[in-house]
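Here is a short briefing on one protein model. Look over the sequence and structure first, then read the points below.

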Amino acid sequence: MQLFTFKVLGILFLTLAASITLSEAVAEDAKPEDGGITPSGKMLGTPYFVSPEQAQGLELDTRSDIYSLGVTLFFLATGEHPFTGAAPAEVMRRHISDPVPSPRILRPGLSPGFDTLIQKLMAK
């Protein structure tokens, strides 16, 4: 079986894999000599997609990934970021403190269930 991957906005998605794990796929692409590995204590990500925990420099777990998945779905459904700002620090502050906007405000045709899903994924 072949591994199929695609990238959206720099996020790696695996759609079909045989005997490869995500960590192996990422490790293959990350080479220390080309700067592919993030040094300890440095943030990896873009301000538009970070979780509140990541924006605060806290320890990350699965909940951070779930939040960022919700942000990604929000963007894919609306074409807009849930939080914007004049500077990266402002965007990250909004991820930390602002309530999650409803994607239905931007796209009224979205189902209430999809809106609820995004709200739950992005719950703080």
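**Salt bridges**

The side chains of Arg93 and Asp98 form a salt bridge, at 3.8 Å from N to O. A salt bridge here is a side-chain nitrogen of Lys or Arg within 4 Å of a carboxyl oxygen of Asp or Glu. This is a predicted model: local features need pLDDT of at least 70, side-chain atom pairs count only at pLDDT 80 or more, and totals for chains, interfaces and linings use all residues. Residues are numbered from 1 along each chain as its sequence is written, and side-chain values use heavy atoms, with hydrogens and water left out.

- Asp98 also meets Arg94 in a salt bridge, at 2.6 Å from N to O.
- Asp98 is buried, with a relative accessible area of 18%. Buried means under 20% relative accessible area, exposed means over 50%, and partly exposed lies in between (1.4 Å probe, protein chains only).
- Arg93 is partly exposed at 41% relative accessible area. Arg94 is partly exposed too, at 22%.
- The structure holds 3 salt bridges. One of them joins the side chains of Asp61 and Arg63, at 2.4 Å from N to O.
- Asp61 is partly exposed, with a relative accessible area of 34%. Arg63 is exposed, at 60%.

**Overall layout**

- The protein has 6 helices and 2 strands. Helices (H or I, at least four residues) and strands (E, at least two) are DSSP runs, numbered from the N terminus.
- Along the sequence, the pattern reads β-β-α-α-α-α-α-α.
- The protein has 124 residues, and 24% of them count as buried.
- Its accessible surface is about 8100 Å², and 59% of that belongs to carbon and sulfur atoms. The areas come from the Shrake-Rupley method with a 1.4 Å probe; for residues, only the protein chains shown count as cover.
- Take the contacts in the protein with a separation of 6 or more: residues 24 or more positions apart account for 46% of them. Contact means heavy atoms within 4.5 Å.

- H3 has 17 residues. From first C-alpha to last, H3 reaches 24 Å, close to the 24 Å expected at 1.5 Å a residue. The expected span is 1.5 Å times one less than the number of residues.
- Buried residues of H3 include Ser64, Ser68, Gly70, Thr72 and Thr78.
- The largest nonpolar core has 9 residues: Phe49, Tyr67, Val71, Phe74, Phe75, Phe83, Val100, Ile118 and Met122. H3 gives the largest share of this core, 4 residues.
- A nonpolar core is a set of buried Ala, Val, Leu, Ile, Met, Phe, Trp, Tyr and Cys residues joined through side-chain atoms within 4.5 Å.
- Just after H3, Gly79 takes a positive phi of about 80°.

**Helix H4**

- H4 covers residues 88-97, and Val91, Met92 and His95 are buried in it.
- Viewed down the H4 axis, the buried residues fall within an arc of 95°, so they line one face of the helix. The arc is that of the directions from the helix axis to the C-beta atoms.
- Cover for the buried residues of H4 includes helix H2 (52-55) and helix H3 (62-78).
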